[in-house]
Amino acid sequence: MSASNVSGLSKTDWLCLSFLSGIGPSRLSRLYTYLSQLDYHASMDNAENLPLFSNEELSDTSPSETITYDLLIALKWPEITARQAMDYFSNGILTKEQEAKRDESLAWLEEADHHLVLQEDEHYPKALKEISVAPAFLYVEGNRDTLALPKVGIVGARKCTRYGRDATFQFAEQLSARGVCVVSGGAMGVDTAAHQGALYNKTTPTIAVMGTGLFHRYPHHNRQMFEEILEQGGALISEYPLSTSPRPHLFPPRNRIISGLSMGVLVSEASLKSGSLISASYAIQQNREVFALPGRLIDPQSEGCHQLLRQGATLVRHVDDILAECSDLSLPSAPITKSVNITKRVKSSAAEKNIKNPLSNNRNQTAESMPVLVSNQVHALPESTSDNAKAVIAIMEQEAQPMDFDALIRQSKMDAGLMMQVLMELELYGCVENREGLYCRC
């Protein structure tokens, strides 16, 4: 971890800088960009006055000869952060808390499949390097070769409808079957459906871009899914220090990484105020393709997608609509992951795949003959289901979206006590699922 790189700083140096007070990914990115450009010009011209980047003198030169307090202030670093950085460069001074974070990070990096990938690392995705605020480095847990696969981002509402969940699952499943790596944020709703669809065939790995440090796999509800991502040769990545806990303001910036990694971004369901539109905005800024899945005109959860379609996003009916717009994704139907060394991948026979996934036999169908969507089957109501339970199911199927307790009472005209009994009955039958206070048909 002590070897220097193109920026003149070691990986340990970058780790320590990321623990300073008031620091963040954008400030680290500005410093990395400055030092990289400085190194580029030094290599082009006579670098006698830039010993930090001299190959002969690099090991004997302190970074403080190039990185000064005034430089950090010019790069819009806060004064306290700039002072701490200079204390570190001059005397190796860190606070007790910063030392603890450094030591636990170095210990984490000693473990198998734990990586710190800097921009000039061969595993750092070229497409991500080209965005305006590219992370100086990424923490990667899992198979970092996955970062080299062709990728499509899928984002959408956390409180998605059944339609949005089913559509997302099937698009992700079909993209994965074509050798395309699905990238999403690991959140509830659409993100979860995207990763689950990609995992279904056990063919192409998927990547979850976390809005937390990798010590905190959030949300906790998806812990098992994150393990499956790793087992099938995928990766969990983050730009935040390992111990960073969930905070609302950390999630929107990670959307730029989802779009930055990807050739295009599919917004499968979003309201007008959805954070998924942030991903679409980043994609446009980064010159990525934006795809949107149409929904019902009266469905608030589809208004964001309809807005994107009016603004020029590509309307998506099936996976070929995505492949047609991203020429680099037009790959042979055989998954490309055979060339990737996935040691932990769960293996399954071709016969098992055909039984579990009839869609995989239709991968080469034309756009005209390929089904647009195939709804996942729901649990049928047992004959012994009460009339009240049948009435509630009818309401949920008509609405085709998750409903809270109060909404069910208003629509059914039942009192709260009776509604609780009905929902308990349906949950026991496996026909309804409570997801963070929203009841979904399943």
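How many of the 16 residues of α7 are buried? Keep that question in mind as we walk through this predicted model.

## The chain as a whole

Let's begin with the overall picture. The chain has 442 residues, and 53% of them are buried. Its secondary structure comes to 17 helices and 12 strands.

Now look at which residues touch.

## Helix α7

Here is the reply to the opening question: 15 of the 16 residues in α7 are buried, so this helix is mostly covered. You can find α7 at residues 162–177. From its first C-alpha to its last, α7 reaches 22 Å, close to the 22 Å expected at 1.5 Å a residue. Just after the helix comes glycine 179, which takes a positive phi of about 85°.

Which helix packs with α7 at an angle of about 35°? That partner is α8, residues 190–200, and the two axes are 7 Å apart. The crossing of α7 past α8 is right-handed. On the α7 side, the residues that meet α8 are Arg165, Thr168, Phe169, Ala172, Glu173 and Ser176. Facing them in α8 are Val190, Ala193, Ala194, Gln196, Gly197, Ala198 and Tyr200.

An α-helix has 3.6 residues a turn, so residues three or four places apart point the same way.

## Helices α1 and α4

Next, find α1 at residues 11–18 and α4 at residues 79–91. Their axes lie 10 Å apart, and the helices pack at an angle of about 150°. Because an angle over 145 degrees counts as roughly antiparallel, α1 is roughly antiparallel to α4. From α1, the contact uses Thr12, Asp13, Cys16 and Leu17, while α4 brings Ala85, Tyr88 and Phe89. Here too the crossing is right-handed, with α1 passing α4.

## Lysine 76

Finally, visit the loop between α3 (69–74) and α4, where lysine 76 lies. Is lysine 76 buried or exposed? Lysine 76 counts as exposed because its relative accessibility is 61%, and the cut-off for exposed is over 50%.

Leaving aside residues up to four places away in sequence, lysine 76 touches Arg27 and Arg30. Lysine 76 and arginine 30 are 46 residues apart in sequence, with their C-alpha atoms 8.8 Å apart in space.

How values were computed
Residues numbered from 1 in each chain as written. Predicted model: local features only at pLDDT ≥ 70, side-chain atom pairs only at ≥ 80, totals over all residues. Heavy atoms only, no water. Helix = DSSP H or I, 4+ residues; strand = E, 2+ residues; numbered from the N terminus. Buried < 20%, exposed > 50% of the residue type's maximum accessible area, 1.4 Å probe, protein only. Expected span 1.5 Å × (residues − 1). Axes fitted to C-alpha atoms, helices over the stretch in contact; angles between N-to-C directions. Parallel < 35°, antiparallel > 145°, perpendicular 65-115°, else oblique. Left-handed = near helix turned anticlockwise from the far one by under 90°. Contact = heavy atoms within 4.5 Å.
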